[in-house]
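Please look at the sequence and the structure below before reading on. The text then goes through the chain step by step.

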Amino acid sequence: VPMHSPLGRSRSSPSGLYAQTSLIVAAGQETTAGTLAFGLLALARHPDVQESLRRARNLFNPWRRDLGFGYHL
């Protein structure tokens, strides 16, 4: 149920604001998850790019060592 502010503009009820906030958070989470999934898939399909990123990361790693992530066959 819309309420009216002192300026005459309608505004959402607290439950409406909660619903909208929940929707925004869920949509943001879904977008982030999808972006990360496609990025990781692209890296899995292009090991040369993955290695290049690993070298770049190690360049800025203060301990200058591989952090042990990855699969080595």
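What follows is a walk through the overall layout, the surface, one loop and one group of charged side chains.

This is a predicted model, in which local features need pLDDT of at least 70 and side-chain atom pairs count only at pLDDT 80 or more, while totals for chains, interfaces and linings use all residues. Residues are numbered from 1 along each chain as its sequence is written, and side-chain values use heavy atoms, with hydrogens and water left out.

Start with the layout. The protein chain has 2 helices and 2 strands. Helices (H or I, at least four residues) and strands (E, at least two) are DSSP runs, numbered from the N terminus. Along the sequence, their pattern is β-β-α-α.

Next comes the surface. The protein chain has an accessible surface of about 6,700 Å², and carbon and sulfur atoms account for 67% of that surface. Such areas come from the Shrake-Rupley method with a 1.4 Å probe; for residues, only the protein chains shown count as cover. Of the 73 residues in the protein chain, 7% are buried. Here buried means under 20% relative accessible area, exposed means over 50%, and partly exposed lies in between (1.4 Å probe, protein chains only).

Now find the loop between β2 (10-11) and α1 (14-45), where Ser-13 sits. Ser-13 counts as buried because its relative accessibility is 13%. The side chain of Ser-13 makes a polar contact with the side chain of Ser-15, at 3.2 Å. A polar contact is a pair of N or O atoms within 3.5 Å; within protein, one must be able to donate a hydrogen and the other to accept it, and residues adjacent in sequence count only if both atoms are side-chain atoms.

Which residues are linked in a network of salt bridges? They are Glu-51, Arg-54 and Arg-55. A salt bridge is a side-chain nitrogen of Lys or Arg within 4 Å of a carboxyl oxygen of Asp or Glu, and a search of the whole structure finds 2 of them. In the salt bridge between Glu-51 and Arg-54, the closest N and O atoms are 3.0 Å apart. These two residues are separated by about one helical turn, because they lie 3 residues apart in helix α2 (residues 47-60). Glu-51 is partly exposed, at 32% relative accessibility, whereas Arg-54 is buried, at 16%.

Glu-51 also forms a salt bridge with Arg-55, with the closest N and O atoms 3.9 Å apart. Both Glu-51 and Arg-55 belong to helix α2, and their spacing of 4 residues is about one turn of the helix.
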